[in-house]
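Please examine the model shown here with attention to its charged side chains and its surface.

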Amino acid sequence: MSERLRNNLLKYGICSAVCLAYAAIHCFSRGVTQMSPVDLYRTISDGFTVPGMLCIFAGLLVWLSNEGTFHGIGYVLKNAAKALMFFTRRGEVEKYADYVESRKGKKITGYSFLFVVGAVCLVITVVFVLLYEQAHG
């Protein structure tokens, strides 16, 4: 098995297992074994909505970070931390343009699995919402 395939299986597998575990805990904590089919569809739909949205929003945060959205916040926090450390030399303050240039090479790659697993969870949610609507009528 190639290294790339192994890494992809690990990423997708762990993310899927976490989403399934959340959905299972959500469903069984609400007593899914004694529910009517209508309540069962609603509970399963609710159980897959949260991990699906969390995966998609985590992927969006990584994408926004790669685009440089948080460079300003990082620059301010870095300089604030340096200003609060009394035992170190302050030296010259780095310019914002230099900070942004140093961050350009540090992009995160390989996070598309978050979008895929999140989308699959949301597709499962939509299926159970449609079943709920059909049964609830």
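The structure is a predicted model, and side-chain atom pairs are considered only at pLDDT 80 or more. Across the whole structure, a search finds three salt bridges. Two of these involve R42, and the reader may begin with that residue.

R42 and D39 are joined through their side chains in a salt bridge, with an N to O distance of 3.7 Å. Both residues belong to helix 2, which covers residues 37-66, and they stand three residues apart, about one turn of the helix. R42 has a relative accessibility of 36% and therefore counts as partly exposed. D39, at 31% relative accessibility, is likewise classed as partly exposed.

R42 also forms a salt bridge with D46, where the closest N and O atoms are 4.0 Å apart. Because D46 and R42 are four residues apart in helix 2, about one helical turn separates them. D46 has a relative accessible area of 34%, which means that this residue is partly exposed.

The remaining pair is K78 and E94, whose closest N and O atoms lie 3.0 Å apart in a salt bridge. K78 is part of helix 3 (residues 71-84), whereas E94 sits in the loop between helix 3 and helix 4 (96-103), so this pair ties together parts that are 16 residues apart in sequence. K78 is partly exposed, with a relative accessible area of 32%. Salt bridges with shared partners, in turn, connect D39, R42 and D46 into one network.

Attention may now pass to the pocket. How much space lies in the largest pocket? The volume of the largest pocket is about 200 Å³. Its lining consists of S65, N66, E67, G68, F70, H71, Y99, R103, K104, K106, K107 and I108. Helix 2 and helix 4 are the elements that give two or more residues to this lining. Sorted by class, the residues lining the largest pocket comprise five charged, four polar and three nonpolar members.

Notes: Residues numbered from 1 in each chain as written. Predicted model: local features only at pLDDT ≥ 70, side-chain atom pairs only at ≥ 80, totals over all residues. Heavy atoms only, no water. Buried < 20%, exposed > 50% of the residue type's maximum accessible area, 1.4 Å probe, protein only. 1 Å grid on protein atoms, 1.4 Å probe; cavity = no way out; pocket = protein on both sides within 12 Å on 5 of 7 lines; lining within 4 Å. Points joined across faces, edges and corners; volume = space filled by probe spheres on them. Nonpolar A, V, L, I, M, F, W, Y, C, P; charged D, E, K, R; others polar.
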